[in-house]
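Please go through the questions and answers below with the model open beside you.

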Amino acid sequence: MTPSAPARRLLGGLATLGLTLDMIMTLRAPAGAATRPGANGSQAVSATISLSGTKDYGMRRLYGTGDLGSDSQDEDQGPLLELAPGTVLKNVISVYTLSGGGAKEASDKVFRFNGAGTLNVSGFAVRNFGTFARSCGNCKKQYKRTINLSGIEATYKGSELVGINTDYGDSATLKNVTIVGDTSKKIVPCQKYIGDNTGKEPTTNGSGPDGTYCQYSSSDITCK
């Protein structure tokens, strides 16, 4: 049974990537359209599952229970899945590149990128969310991170598509993004922050395309 509270923590990160998800979500193989897939059953996870080799979840929806199912904003809250280097994870999540899938009812972040490296998300639909993808703003260990979004359909309500830390050299690229139902244009495509490693809430540092940190143009975003 899917939990009633939104913003469940669904997935934690691979070694250096440190990706976590705070939502109810399922993923499928790459699709041509950004449509939210259906789940083939559900699985409760009360303790972090360590994976190696190849694991196919067959489109099951994973959701946290107990300590993994709270709405805590603790940056050190455990993940549902922990992947060893070289792990192949099918039909639930791909840590570095996510192709196809959807999420809804994430009151805070959908993807929180805690580690170093590059996160690519494409063909993904999101509805009723806080921030779609966020480079961790106040983790104890901070890194330069790159976030690339393409083929994203975001349906209002929402706050930010992507949030990055300019002081750590983060960058975000947006291509072929569609925003639906946001007549007042409240969703910020790319929000810049001044991050820290002290646990304090980061301060904003402007928004919008600048060619360095937020890399996109008005033609990359369509509003419907």
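Q: Which residues does Lys192 touch, not counting residues up to four places away in sequence?
A: Contact means heavy atoms within 4.5 Å. This is a predicted model, in which local features need pLDDT of at least 70, side-chain atom pairs count only at pLDDT 80 or more, and totals for chains, interfaces and linings use all residues. Residues are numbered from 1 along each chain as its sequence is written, and side-chain values use heavy atoms, with hydrogens and water left out. Not counting residues up to four places away in sequence, Lys192 touches Ile164, Thr166, Thr203, Thr204, Asn205, Gly206, Ser207, Gly208, Asp210, Tyr213 and Cys214.

Q: Is Lys192 buried or exposed?
A: Lys192 is found in strand β15, residues 188–194. Strands (E, at least two residues) and helices (H or I, at least four) are DSSP runs, numbered from the N terminus. Buried means under 20% relative accessible area, exposed over 50%, and partly exposed in between (1.4 Å probe, protein chains only). Lys192 has a relative accessible area of 10%, so Lys192 is buried.

Q: Which side chain does a polar contact of 2.8 Å join to that of Lys192?
A: A polar contact is a pair of N or O atoms within 3.5 Å; within protein, one must be able to donate a hydrogen and the other to accept it, and residues adjacent in sequence count only if both atoms are side-chain atoms. At 2.8 Å, the partner of the Lys192 side chain is that of Asp210.

Q: How many helices and strands does the protein chain have?
A: Of the 224 residues in the protein chain, 50% are buried. The secondary structure comes to 0 helices and 18 strands.

Q: In which sense do β11 and β12 pair?
A: Two strands pair if DSSP finds at least two bridges between them. In β12, the bridge partner of Ala125 is Glu153. Over 10 bridges, the sense in which β11 and β12 pair is parallel.
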